[in-house]
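Hello,

Here is the structure for you to look through. Please open it next to this email.

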Amino acid sequence: YRELTNVAPVGIFETDTQGACTWINRTFGELSDLQPHEAAGDGWLMAVHPDDRPRVAAEWFSALTERREFCLEYRFRHGDGTVRWIAGRASPAHDDRGEITGVIGTVADITERKAVEEQLRQVNERLELALSGSDIGLWDWDIRTGLVHFNDWLPGMLGYSVEELP
């Protein structure tokens, strides 16, 4: 089990019933920039970006209290300032009798996905600025859903008010 988890492409961790980290695999250590003894207890929180730490801690302890799955996107910050976006998931672990023995979870590196999302957001923002600063009417019809989207210029160009056009 330990050999398998150490070659896994995602970080894996275990906690006790109180949510204190008791074990991490190699990938978790690489993603968090923490050694196992540093991640122990609530030490793993020190890897969480300071801006995300209150939100992550609140959701973590809420999930523990409610005995439900934890699922959140947040950032790890390394000692050298490098930031990695993480998709964290965890669920209560049970023994053969169904008693909760702790929590087991994963952390996956989603930094590349977040970078692409940010690029798309910037492209959309530039497009919106270009359209709002021009006299171009724009519409888009999603044939599958029947939804029609249009910018503020289009209704007036066609002789309608915004309320009349749909």
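Below are notes on the sheet, the helices and the cavity.

This is a predicted model: local features need pLDDT of at least 70, side-chain atom pairs count only at pLDDT 80 or more, and totals for chains, interfaces and linings use all residues. Residues are numbered from 1 along each chain as its sequence is written, and side-chain values use heavy atoms, without hydrogens or water.

Start with the sheet. Five strands form an open sheet in the order β2-β1-β5-β4-β3, paired antiparallel. (Strands are DSSP runs of E, at least two residues; helices are runs of H or I, at least four; both are numbered from the N terminus. Strands pair if DSSP finds at least two bridges between them.) The edge strands are β2 (21-24) and β3, and each pairs on one side only.

β3 and β4 (residues 83-94) pair over eight bridges. In this pair, C71 stands opposite R89 in β4. Five residues lie between the two strands of the hairpin, where G81 has a positive phi near 95 degrees. β4 also pairs with β5 (residues 100-109), over nine bridges. There, P92 stands opposite V103 in β5.

Now the helices. α4 (residues 53-66) lies across β1, β3, β4 and β5. α5 (residues 111-132) lies across β3, β4 and β5. (Contact means heavy atoms within 4.5 Å.)

Last, the lining of the largest cavity. (A cavity is a set of points on a 1 Å grid over the protein atoms alone where a 1.4 Å probe fits but cannot get out; lining residues have an atom within 4 Å of a point.) β3 gives the largest share, three residues. Among the lining residues are F13, W44 and V107.

Best wishes

Notes
On a 1 Å grid over the protein atoms alone, a cavity is a set of points where a 1.4 Å probe fits but cannot get out, and a pocket is an open set with protein on both sides within 12 Å along at least five of seven lines; lining residues have an atom within 4 Å of a point. Axes are lines fitted to C-alpha atoms, for helices over the stretch in contact, and angles run from 0 to 180 degrees between N-to-C directions.
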